[in-house]
Amino acid sequence: MPVRSANPIRARSLIRDNLEKQAGCLNLIHSRMPNIKVFSGTSHPDLAQRIVDRLGIDLGKVVTKKFSNLETCVEIGESVRGEDVYIVQSGSGEINDNLMELLIMINACKIASASRVTAVIPCFPYARQDKKDKVNAQSRAPISAKLVANMLSVAGADHIITMDLHASQIQGFFDIPVDNLYAEPAVLKWIKENIPEWKNSIIVSPDAGGAKRVTSIADRLNVEFALIHKERKKANEVASMVLVGDVKDKIAILVDDMADTCGTIVHAADRLVEAGATKVYAILTHGIFSGPAISRINNACFEAVVVTNTIPQDGHMRDCPKIQCIDVSMMFAEAVRRTHNGESVSYLFSNVPY
């Protein structure tokens, strides 16, 4: 609507004021929503590609190589000045090399004048070393998760996006915002679509630490839950297991945040079959599957072992037909989109974006 005034000087002044206000608003929007760039580390390029495909953008150009002495060298292949940068790197494979690569990429973008750098870490490295437990309290064990948090902050990360932290309190190790996404909505969707008799199921935690996780899933499915109390003599070795709950004539669904050597979930599955469970499924957010894990799963009584693709699973699925994969790239893509646009990500805590 044009500005009308009997005084031409007054009219010009009003027009100038309006234009200045509009320019100020545009500058504010631009400062809050700079252009977006997504880069991938070498740990999980497939997930990064799925994320950018979902966002409808191209993956940023980056060259990563190693010198002859195995030092990591990263070259960002395009301008990131004033950009909103997201770096996708999972804590899998050669974890130490991948962590160092992530730190170098964050620093490279930060000193190249990126507006904000967000580390998208689907599987957070060293998450199990989050405290001194009773066993290790007198052995001067490190709290390595806190060390990793410090390293990410010092490298220049402004924000962290991860999924199903082994211990939620790791978020408190950071002085920067941390969005800890949950695989639970995708897990619920998979159960309803792939287990026809899911209403006769019972959700089981393989240890007391996962009780909160299984009760949340059991409540949303309106089924019962059980847990297995385990005692360890040392890491990756379970001494004894006691089942708390009735699984007789029910489909047992073991739910945990990660499986490494799979000793725990295989023992738990055997214990559930002994207690009368008709079928046993395992649903895990992070399928690390190191050492004898694959052979253990092949020889175990699982109907299926379901994992998300926070860690590359193609090789594991080739070696073990029982392993199935839930794609969570849409959850990370939506978290990136919402973060970039300054929107809330809490919707993703209970919903799968379509």
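Visitor: How many bridges join strand β6 to β7?
Guide: Keep in mind that this is a predicted model. In it, β6 covers residues 159–163 and runs parallel to β7. In general, strands of a sheet pair through backbone hydrogen bonds, either parallel or antiparallel. The number of bridges joining β6 to β7 is four.

Visitor: Which residue of β7 stands opposite threonine 162?
Guide: Let's follow the pairing along. Isoleucine 160 has valine 178 in β7 as its bridge partner. Threonine 162, in turn, stands opposite asparagine 180.

Visitor: Are the side residues of β7, Val178 and Asn180 on one side and Asp179 and Leu181 on the other, buried or exposed?
Guide: Here we need a cut-off: a residue counts as buried under 20% relative accessible area. Val178 and Asn180 pass on one side, and Asp179 and Leu181 pass on the other, so both faces of β7 are covered. The word for all four is buried.

Visitor: What is the strand order of the open sheet with five strands?
Guide: The pairing in this sheet is parallel. Its edge strands are β1 (36–40) and β7 (178–181), each pairing on one side only. From one strand to the next, the twist averages 15°. Reading across, the order is β1-β4-β5-β6-β7.

Visitor: What angle does the direction of helix α2 make with that of β1?
Guide: Helix α2 takes in residues 45–55 and packs on the sheet. There α2 touches β1 and β4 (84–88). Its direction and that of β1 make an angle of about 160°.

Visitor: And at what angle does helix α3 run to β5?
Guide: Helix α3 is made of residues 95–111. It lies across β1, β4 and β5 (116–121). Its angle to β5 is about 165°.

Visitor: How do the residues of the contact of α5 with α6 divide?
Guide: From α5 come Glu184, Val187, Leu188, Ile191 and Lys192. From α6 come Arg213, Ser216, Ile217, Arg220 and Leu221. They divide into five nonpolar, one polar and four charged.

Visitor: Why is strand β8 described as largely enclosed by the rest of the structure?
Guide: Look at which way its residues point: Ser201, Ile203 and Ser205 go one way from β8, and Ile202 and Val204 go the other way. β8 is largely enclosed because, of its five residues, the number buried is five.

Visitor: Which residue in β11 does valine 204 stand opposite?
Guide: β8 and β11 (residues 251–259) pair in the parallel sense, over four bridges. Within β11, the residue opposite valine 204 is leucine 254.

Visitor: Is asparagine 299 buried or exposed?
Guide: Asparagine 299 is found in helix α8 (residues 293–299). A residue counts as exposed over 50% relative accessible area. Asparagine 299 has 69%, so the word is exposed.

Visitor: How far apart in space are asparagine 299 and valine 266?
Guide: In sequence, asparagine 299 and valine 266 are 33 residues apart. In space, C-alpha to C-alpha, the distance is 9.1 Å.

Technical notes: Residues numbered from 1 in each chain as written. Predicted model: local features only at pLDDT ≥ 70, side-chain atom pairs only at ≥ 80, totals over all residues. Heavy atoms only, no water. Pairing = 2+ DSSP bridges. Helix = DSSP H or I, 4+ residues; strand = E, 2+ residues; numbered from the N terminus. Axes fitted to C-alpha atoms, helices over the stretch in contact; angles between N-to-C directions. Contact = heavy atoms within 4.5 Å. Buried < 20%, exposed > 50% of the residue type's maximum accessible area, 1.4 Å probe, protein only. Nonpolar A, V, L, I, M, F, W, Y, C, P; charged D, E, K, R; others polar.
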